[in-house]
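Here are my notes on the fold, as requested.

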Amino acid sequence: MGFGDLKSASGLQDLDTYLLDKSYIEGYVPSQADVAVFNAISERPVKFQNVLRWYNQIASYSEEERLAFPGVQKPLDQCGSTCGKKATADDDNFDLFGSEDEEESKEQERLKQQRLAEYAAKKAAKPALIPKSNIILAVKPWDDETDMAQVEQKVRSIQADGLVWGASKLVPVAYGIKALQITCVVEDDKVGTDFLEESITAFEDLVQSVDILAFNKV
């Protein structure tokens with residue numbers, strides 16, 4: 001007999017009663033029995049004081065740490081009252097120093113290492129997030145006679161790994177002069193604002209200055 005359906009109030013009540021005088025599902029340290037019961041609970045059990053105390057304790061460990069808990073996960077119906085009865089029946093044979101069968105210990109260690117390896121492989125398979133930024137530049141010409149179409153052509157001719165040019169428009173500055181406002185997305189590790197400013201101002205016959213209007217992480 002286990003705790004029943006831990007997604008129901010009756011199952012959680014059974015578990016709450018069981019944990020009245022216990023810190024963990026089995027023994028005196030968190031084990032795979034705790035992981036099995038923890039995973040069977042669908043939401044934080046705020047209405048059950050003893051379950052909530054135990055749940056918060058197990059939730060404080062990371063997924064990797066829970067995978068490394070000792071023991072072997074058993075079916076849920078083999079935990080709870082059954083585990084408690086088994087512990088009582090075995091009290092006379094309890095080893096104060098926690099000695100255990102050598103073969104069982106090797107199997108537990110093998111399963112532990114297997115779970116850690118599976119977790120590491122799963123984590124490594126996730127694509128790494130590439131930090132990017134969205135930058136809006138204002139490219140100012142020397143005067144109102146500057147060919148702004150040529151200015152935009154020169155700016156867009158700047159190519160680099162991790163640089164993508166976006167939308168652009170002309171915005172009034174003063175005395176009939178218009179600046180080229182252009183957007184780009186850059187990979188932070190590859191392209192910086194210094195590179196953009198130096199590359200654009202290199203067209204010194206057309207460009208007077210470059211201002212950074214906006215810099216936002218994507």
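The numbered points below go from the sheet to the helices.

1. The model is predicted, with local features needing pLDDT of at least 70 and side-chain atom pairs counting only at pLDDT 80 or more, while totals for chains, interfaces and linings use all residues. Residues are numbered from 1 along each chain as its sequence is written, and side-chain values use heavy atoms, without hydrogens and water.

2. An open sheet is formed by four strands in the order E2-E3-E1-E4, with antiparallel pairing. Strands (E, at least two residues) and helices (H or I, at least four) are DSSP runs numbered from the N terminus; two strands pair if DSSP finds at least two bridges between them. Strand E2 (163-174) and strand E4 (207-217) are at the edges with a single partner strand each, so one side of each lacks a neighbour in the sheet. On average, neighbouring strands are turned by 20° against each other, direction ignored.

3. Strand E1 (residues 132-141) runs antiparallel to E4 and is joined to it by nine bridges. Lys140 has Ser209 in E4 as its bridge partner.

4. Helix H7 (residues 148-156) lies across E1, E2, strand E3 (177-187) and E4, at about 15° to E3. Helix H8 (residues 193-201) lies across E1, E2, E3 and E4, at about 155° to E4. Angles run from 0 to 180 degrees between N-to-C directions of axes, which are lines fitted to C-alpha atoms, for helices over the stretch in contact (heavy atoms within 4.5 Å).

5. Helix H2 (residues 32-40) packs against helix H3 (residues 49-59) at about 110°, with axes 11 Å apart. Asp34, Val37 and Phe38 of H2 meet Trp54, Tyr55, Ile58 and Ala59 of H3 in this contact.
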